[in-house]
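Open the model in your viewer and keep the selection panel at hand. The stops below say what to select and what is there.

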Amino acid sequence: MITDYKSRKNEVLSSYEQVEILIKEIKDNAQRAEMPNPLERLEPLLIDIRNKAEKVRADRFSLMIAGESKSGKSTFINAYLGVELLPMDVKQCTSAIIEIKNGEKFCVQATYADGRRIDIPGDSAAREFLKKNAALDDEYRDIPVPTINSEILVKSGLKAQRKSKKINILKDEVEDLLNATEVQEANIHNISKDVYNKKIRDYIKEKKNNWQDIVTKIEVIFPFGEEMQGIEIIDSPGVCARGGVAEITSQYIENADAIIFLKPVSGQALESTQFNQFMQNTSVAHNKNALFLVLTRATSVNAEDLRRLEAEAYQQFSNLDKRNIIIVDSKAELYAKKFSPLNDDERLAELMKLNNAGRMEDFLKNAWSSKNDPFNPGYKDFISDLCEKSRFSQVNSALDTFGRKAHYILLGSLLDSICSLYKTLHSDLTDQIDMFRQKAESPQELAKKIAILKKELDGINNKMYKGVDNEVRRFRGNDGIIRIKANKAVKDFKNQVSKIDYHSTDAFNELERQSIKKIDDFTGLTETLQRNVVDEFDKKLESLSDNSAISFESLKPNFTEDTFNEIKDLTESEAKESEPIKEGVTFTETKWRSVYSQNKHFDLIKKNILSRIETIKNDLIEHLETFTENIRTRYIEELSKNADAKKKELDAIIEAKATSEQIKELINDLTTLTEQILSAKSEAKKIKGGIVKNVQ
């Protein structure tokens with residue numbers, strides 16, 4: 001397999017080198033003919049091809065590590081690398097992204113919030129820096145420091161820096177942060193809300209004047225072993241309580257070859273809201289096949305429980321391939337690698353040190369005892385026992401298999417981009433050949449070509465100045481598709497709710513089901529209408545050259561079962577009606593008393609929810625109208641780019657100064673180039689065919 005991959009890799013790189021040769025010839029021809037360079041509008045594709053070729057050449061494999069709080073990310077990374085590189089006695093890392101790369105000498109490069117970069121060379125200094133900056137102060141380990149740093153301190157600091165002013169954090173900004181669902185759900189230690197909020201305020205107050213000293217990125221350069229030369233490890237800040245990831249983390253996930261999400265196998269339920277939420281993140285979903293769930297601390301449970309948990313994990317996370325769910329123990333792996341080069345006397349001395357320091361793990365003691373009892377049927381070599389307990393062979397096997405597949409996928413992706421470039425170049429050069437032939441053989445045909453180009457240019461300008469506005473009006477405004485669809489969704493909800501029998505014992509449950517379903521419908525409607533906007537613009541105007549650059553964002557209304565229950569509890573005290581009662585026998589007197597009314601209670605909840613639905617509807621409209629405006633800008637830019645290209649082509653035809661002989665020579669050169677392009681494209685497709693079988 002490795003030999004086959006190297007062969008395919010060399011073939012693909014050879015195909016890429018042919019691209020660069022052809023590009024140089026095309027540029028030379030364009031310059032001689034005094035024609036616009038046809039490669040200008042293909043610059044983004046060329047950049048993409050060169051970046052992919054560089055990645056293929058370097059055999060880089062990017063491994064992203066994410067995980068829940070206290071999941072043992074640093075210990076896992078150290079075990080995977082086989083060296084205690086990152087500090088492991090921490091509960092949570094900073095807001096910094098940590099990149100670990102191969103290099104000749106161990107050093108650290110740090111980037112601060114204000115843009116400063118410093119280098120920390122040398123083993124001792126680098127480790128000390130990591131110990132100090134890859135861990136939180138004990139005082140603030142109970143609060144979501146990464147979120148506070150990125151959302152309040154760094155943003156406010158950079159804003160003040162741009163205006164050359166002193167940092168000023170508004171009280172409302174802090175309150176908005178405190179009230180944010182993700183921040184409150186990050187209170188994983190369940191300390192009282194008042195204490196929790198006070199800690200956050202104290203942290204902001206203490207750090208705001210030194211915001212520029214917050215480390216936002218740490219690059220660790222370390223000499224890896226030969227088998228790990230091409231691997232880059234990204235240690236991300238911990239995910240929040242519901243699995244969310246920061247914007248910068250999302251960007252790393254987009255480019256990751258594989259993502260490992262860590263979750264402890266003990267100490268909490270196997271079911272993981274955080275992991276499920278993490279999988280639903282747009283950046284993660286884009287790369288779901290490259291996602292691995294690694295359950296850590298395998299030695300904390302016995303063999304029988306481990307088998308049960310493994311089966312439960314397969315069932316609980318059935319949306320993942322079984323091969324991508326792995327249970328490991330990072331400490332066992334670290335100890336296996338630490339003790340491996342030692343002899344028995346040295347191992348015993350190290351174990352005694354651990355025991356005297358109160359750090360002896362039970363699995364270590366058991367492994368050593370088993371090793372010294374050859375008459376025991378379960379006798380195992382000490383290192384083999386630790387390796388078996390660590391289960392890291394599964395990690396290495398899974399990543400090696402996936403990594404090789406990922407490399408084949410990259411080879412195929414590079415060839416796809418090359419073929420796309422060849423297709424466009426062949427079309428452009430063929431047009432140039434036709435134009436030169438017309439110019440050389442028929443002035444009348446050239447005049448027709450000029451007229452056609454002018455008409456095409458007028459058409460582009462008409463789309464740019466009228467067509468775009470027409471499409472925007474279709475979706476925006478009181479009569480636009482967005483508002484009509486949103487209003488219809490609310491009307492449908494009202495109709496559905498009106499059919500609920502409020503006398504029924506299931507009335508409240510049905511209202512809750514209908515409400516949550518409608519909230520989900522709004523999310524789906526947002527995504528559908530965003531796609532519709534782009535599809536209509538593509539159909540009526542011009543397809544974008546890079547649709548992948550459009551950012552589709554879901555509406556995320558904050559309405560859950562808990563929200564419904566809160567509304568129900570809050571309105572219950574108001575759900576009273578007056579009821580007449582008569583007192584006395586001969587002389588009766590009518591009095592009134594206040595009694596609970598399910599009818600009124602249902603009506604109060606319904607009105608509250610309708611009010612919230614109306615707010616969500618307005619948010620949806622605003623969200624989509626802003627999206628439509630952004631799309632308007634993108635399409636105007638695209639049309640403007642096309643207009644510029646068409647104008648250059650028109651000017652080139654009118655102003656061409658080449659003589660008849662020069663034109664004939666150019667035609668011959670361009671014809672040769674098109675033949676070379678077709679041949680190179682055919683060869684690239686042939687290589688791609690040999691690669692496909694390795695990625696299925």
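A salt bridge here is a side-chain nitrogen of Lys or Arg within 4 Å of a carboxyl oxygen of Asp or Glu. By that criterion, a search of the whole structure returns 40 salt bridges. Keep in mind throughout that this is a predicted model.

**Stop 1: salt bridges within helices**

Select Asp123 and Arg127. Their closest N and O atoms are 2.9 Å apart, and the pair forms a salt bridge. Both belong to helix α4 (residues 123–133), where a spacing of four residues puts about one helical turn between them. Asp123 is partly exposed at 42% relative accessibility, and Arg127 is also partly exposed, at 29%.

Move to helix α8 (residues 193–207), which holds Asp202 and Lys198, four residues apart or about one turn of the helix. Their side chains meet in a salt bridge, with 2.9 Å from N to O. Asp202 has a relative accessible area of 31% and is partly exposed; Lys198 is partly exposed as well, at 48%.

Next, select Lys389 and Asp385 in helix α16 (residues 382–390), again four residues apart and separated by about one helical turn. Here too a salt bridge joins the side chains, at 2.9 Å from N to O. Is Asp385 buried or exposed? Asp385 counts as buried because its relative accessibility is 4%, and buried means under 20%.

**Stop 2: a salt-bridge network**

Select Glu99, Lys101, Arg117, Lys217 and Glu219 together. These residues are linked in a network of salt bridges.

**Stop 3: the two sides of α6**

Display the side chains of α6 (171–179). Val174, Leu177 and Leu178 are buried in this helix. Looking down the axis of α6, you will find its buried residues within an arc of 100°, so they line one face of the helix. Now turn to the face pointing away from that buried side: Asp172, Asp176 and Asn179 are the exposed residues it carries.

**Stop 4**

Most residues other than glycine have a negative phi. Which value of phi does Ser164 have? Although it is not a glycine, Ser164 has a positive phi of about 55°. Ser164 sits in the loop between α5 (145–162) and α6 (171–179), and at 70% relative accessibility it counts as exposed.

Then select Arg297, in the loop between β8 (291–296) and α12 (303–316). Arg297 is not a glycine either, yet its phi is positive, at about 70°. With a relative accessible area of 36%, Arg297 is partly exposed.

**Stop 5: Phe292 in β8**

Stay with strand β8 and pick Phe292. Phe292 is buried, at 3% relative accessibility. Draw a C-alpha to C-alpha distance from Phe292 to Asp321: the two are 8.7 Å apart in space and 29 residues apart in sequence.

**Stop 6: a negative patch**

Finally, select Glu561, Asp562, Glu566, Asp569 and Glu572, which form a negative surface patch. Glu572 belongs to helix α21 (residues 561–572). Its relative accessible area is 39%, so Glu572 is partly exposed.

Notes
Residues are numbered from 1 along each chain as its sequence is written. This is a predicted model: local features need pLDDT of at least 70, side-chain atom pairs count only at pLDDT 80 or more; totals for chains, interfaces and linings use all residues. Side-chain values use heavy atoms; hydrogens and water are left out. Patches are made of residues with over 30% relative accessible area and no salt bridge: like charges are joined within 9 Å, nonpolar side chains (Val, Leu, Ile, Met, Phe, Trp, Tyr) within 5 Å. Accessible areas come from the Shrake-Rupley method with a 1.4 Å probe; for residues, only the protein chains shown count as cover. Lys and Arg count as positive and Asp and Glu as negative; His and the chain ends are not counted. The place of a charge is taken as NZ of Lys, CZ of Arg, CG of Asp or CD of Glu. Buried means under 20% relative accessible area, exposed over 50%, partly exposed in between (1.4 Å probe, protein chains only). The arc is that of the directions from the helix axis to the C-beta atoms.
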